[in-house]
Amino acid sequence: MRRGRLIAIHAVLLLTAVMTLLPFVFVVNNALRDNSEYYRSFFGRPEAATGLGRVVWRYATADQRALVIRDEGGEARLVGRAEAAGHYWARLTAGSRRAWVVLRPYVLNSFVVSGLTALGVAVLGSGAAYILARYRFLGRNFIFGFILATMVFPGVLTLVPSFLLVKQLGLLNTYWAMILPYVAGGQVFAIFVFRSFFAGLPEELFESARLDGAGHWALYWHIVLPLSKPVFSVVLIMNILGTWNNFLWPFIVNTDDRHQVLASGLYTMARSAVAGSAGTMFAAYTLSSLPLLVLFVYATKPFIRGLTSGAVKL
Amino acid sequence: MKPPAAGRTRLSFAASCHLLLLPSVLLLLLFIYLPVMWAFLKSLYEFEVGSKARFVGLANYLEYLVIDPPTWPSVLNMALLTLVGVGVRLTFPLIVAKLIHSLPFERTRYLYRLAFLIPIVVPGVAIQLLWSRMIYADYGLINEVLRTCGLGAWTHSWLNDPRTALTALMFFGFPFAGGFEVLIYYAGLSAIPESVNEAAALEGCTGVGKFLRIDVPLVLSQLKLIFVLTVIGGLQGFEGIFVLTQGGPGFRTMVPGLWMYYNAFAFQRMGYACAIGVLLFVVILGLTLLNLRYFRSAEEMQGGTS
């Protein structure tokens, strides 16, 4: 490829990537600044980070001179390096600490809801798909059709009646109001993907295992599961992404704050008094992205491999 | 497949299969099929939560389709937003994917793919709040940039101004390249056999011409997947609008799904909300059936050319 052309492609891609990611850079940057800095200017380095950098530089160059810091009242004081470091660190993390106090229960609730949902979907989905894919029995096609047919019904059709149902069952303001509908809906896609994968496994594997005396359970546990890791990673990541980001349903079925999850909690937080502090909100956005970021650091490779290896047919 | 045994064992084998499938089936009956039935049934009633329901026949449907003022503006908004959504999601991520795919080194290709995937770790509601509080806000990114450039007169209260609110929603997510789409298109482009690319190069078919005549037809199934997902999402999704504009100013950015939500959870008109849900379902179902038909013919066409 010609050199000029390569440079042009990189220029376009870099520009697009910067425009895509710049808002997030702003968020992380402003999470480290306080209100007065934010309202003075939208852009700019966090003062606390600059200060911390100066202290670190003094340590690095063994410079023992005192530093000037400003209190919240704006009064200047002369302090030693250690105290200055503590001061700047406190300022740098002030927003995050305030945000974390609000977010912590939401994050825990999200872990419970998304975790139990993923567990339920993995167990029910793969189990049902195994039976439907590898055994022939009376009513098999009917049951599979019964399960798949639910894909026709969009969420907008069932949103209001589902709320009425959950309310009638007395499940409002419980984890079950989220977990049970999530598992019910989430298992369908899981069964669909698992079944087509399980059905494609070669029959010889199963036959030889049966000759060795393996029962149904052993076939599932020792043959099917070890071969299905990429499919599991795709199904579970898609499921966790969906439940983790779902904002509307938790917002509707939680009339109080106890079981609010991260997405709906963020929205509530943005409309509360805490939102008056811009830094706190930006810190909240940053903190709320960390759990999935961690998940992705560990799961990107198997996820992309699972999606592109042909194991998963969408 | 396990060979079915005869007589009683066969029946008891089927019974144990059914027993194992029972939890899945029960969950679906309770949390999907029952709400679906209720949606149709309760759309014929007028009631608040907890109060007695009054049978009104098809009055809810009539009221929505004929009398209620927000109906048709909101349908138009939905159509415009969906149309623009389809337009951008079929072009921007595809072009980005193609540009990444045309790079010579796997390492840079991987880095770019990763960069465009990163935004999916940020909760959707955080991104929406971000756009309303940071990008479109009065003292937000766009207005600050305009002021810095000396174009202070061009600043707007983007989401609150009736003239700009809908357009602002359309540009939400610009440049539309962060997320799964790039990856999906990239997978499609990677699946094009090398022989096709070589033949194209031999015929002197390169650059934009090759992209339009070879690549686009060969990623048609990916394009269709995104198309279907975007259309269905456009018809039933309203979370973003709920966070960004609440449907306002006035009904300027109202969509049917959001109007359903307000009727159920703000005005306590559960039956009426169910009727709107049913109507949206009918539209989505109709489009799905149309698409299935189109899907097959497109697949045959593809089979014919390759």
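User: Leaving aside neighbours within four places in sequence, what is B:Leu183 in contact with?
Analyst: B:Leu183 is in contact with B:Arg113 and B:Leu117. Two residues are in contact if their C-beta atoms, placed from the backbone, lie within 7 Å. This is a predicted model, in which local features need pLDDT of at least 70 and side-chain atom pairs count only at pLDDT 80 or more, while totals for chains, interfaces and linings use all residues. Residues are numbered from 1 along each chain as its sequence is written, and chains are lettered from A and ligands numbered from 1 in the order in which they are written.

User: How far apart are B:Leu183 and B:Arg113, in sequence and in space?
Analyst: They are 70 residues apart in sequence, and 6.9 Å apart from C-alpha to C-alpha.

User: Is B:Leu183 buried or exposed?
Analyst: B:Leu183 counts as buried because it has 21 C-beta neighbours inside 10 Å. The rule is that a residue is buried if 20 or more other C-beta atoms lie within 10 Å of its own, exposed if 12 or fewer, and partly exposed in between, with C-beta atoms placed from the backbone.

User: Which helix is B:Leu183 in?
Analyst: Helix H8 of chain B. Helices (H or I, at least four residues) and strands (E, at least two) are DSSP runs, numbered from the N terminus.

User: How do H4(B) and H8(B) cross?
Analyst: Their axes come within 8 Å and cross at roughly 145°. Axes are lines fitted to C-alpha atoms, for helices over the stretch in contact, and angles run from 0 to 180 degrees between N-to-C directions. H4(B) supplies B:Arg113, B:Phe116 and B:Leu117 to the contact, and H8(B) supplies B:Val182, B:Leu183 and B:Tyr186. By class there are five nonpolar, no polar and one charged. Ala, Val, Leu, Ile, Met, Phe, Trp, Tyr, Cys and Pro count as nonpolar, Asp, Glu, Lys and Arg as charged, and the others, Gly among them, as polar.

User: Which residues of H4(B) are buried?
Analyst: B:Tyr112, B:Ala115 and B:Phe116. Down the helix axis they fall within an arc of 90°, so they line one face of H4(B); the arc is that of the directions from the helix axis to the C-beta atoms. On the other side, B:Glu106 and B:Arg107 are exposed.

User: What covers the buried ones in H4(B)?
Analyst: The cover includes H1 of chain A, along with H3 (71–101) and H8 (180–190) of chain B.

User: Switching to chain A. How do H4(A) and H12(A) pack?
Analyst: H4 (residues 81–134) and H12 (residues 262–270) of chain A pack at about 155°, with axes 8 Å apart. They are therefore roughly antiparallel; the classes are under 35 degrees for roughly parallel, over 145 for roughly antiparallel, 65 to 115 for roughly perpendicular, and oblique for the rest.

User: And A:Tyr130, which helix?
Analyst: A:Tyr130 lies in helix H4 of chain A. A:Tyr130 counts as buried because it has 24 C-beta neighbours inside 10 Å. Apart from neighbours within four places in sequence, A:Tyr130 is in contact with A:Phe198, A:Tyr220 and A:Val224.
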